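The following exercises ask you to read a protein model step by step. Look at the sequence and the structure first, and then work through each task before you read its solution.

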Amino acid sequence: MPNSLELYHLRGEGKTLDYEQIKSSEEVKGIDLDLLLRCINMVNHVDAIKTFQKALQN
C-alpha cells in the first residue's frame, strides 16, 4: 500500500521460520514510525534528515 510502512519480525527456530507482522519495532524501541514514513516520502533528502534529527532532539 502506498504511503504505509509495515514491519515484520522473523520468528521461529531451525527450518521453521516465518515472518510475523508487528505494530512497532522490537529492535528500535520508541521510534516514531509516522515521522519515519513522512521523512521517507520527502523529496529532498537533506530536509528529511534534518526533520528526523530535529524530532530526535525533542
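**Exercise 1. Determine whether E26 is buried, partly exposed or exposed.**

Solution. E26 has a relative accessible area of 30%. Buried means under 20% relative accessible area, exposed means over 50%, and partly exposed lies in between (1.4 Å probe, protein chains only), so E26 counts as partly exposed.

Before going on, note that this is a predicted model, in which local features need pLDDT of at least 70 and side-chain atom pairs count only at pLDDT 80 or more, while totals for chains, interfaces and linings use all residues. Residues are numbered from 1 along each chain as its sequence is written, and side-chain values use heavy atoms, with hydrogens and water left out.

**Exercise 2. Find the salt-bridge partners of R11 and describe what they build.**

Solution. A salt bridge is a side-chain nitrogen of Lys or Arg within 4 Å of a carboxyl oxygen of Asp or Glu. First, the side chains of R11 and E26 meet in such a bridge, at 2.6 Å from N to O. Because R11 lies in strand β1 and E26 in the loop between β2 and α1, this pair ties together parts that are 15 residues apart in sequence. (Helices, H or I of at least four residues, and strands, E of at least two, are DSSP runs numbered from the N terminus.) Next, the side chain of R11 also meets that of E20, at 3.1 Å from N to O. R11 is partly exposed at 29% relative accessibility, and E20 is partly exposed at 39%. Taken together, R11, E20 and E26 are linked in a network of salt bridges, and the count for the protein comes to 2.

**Exercise 3. Describe how β1 and β2 are arranged.**

Solution. Two strands pair if DSSP finds at least two bridges between them; here β1 (residues 7-13) and β2 pair in the antiparallel sense over 7 bridges. The two strands form a hairpin with 2 residues between them, and G14 in the turn has a positive phi of about 60°. E13 stands opposite T16 in β2.

**Exercise 4. Work out the order of the elements and the overall extent of the protein.**

Solution. The protein has 2 helices and 2 strands, and from the N terminus on they run β-β-α-α. Along its principal axes the C-alpha trace spans about 45 × 25 × 15 Å. Finally, buried residues make up 16% of the 58 residues.
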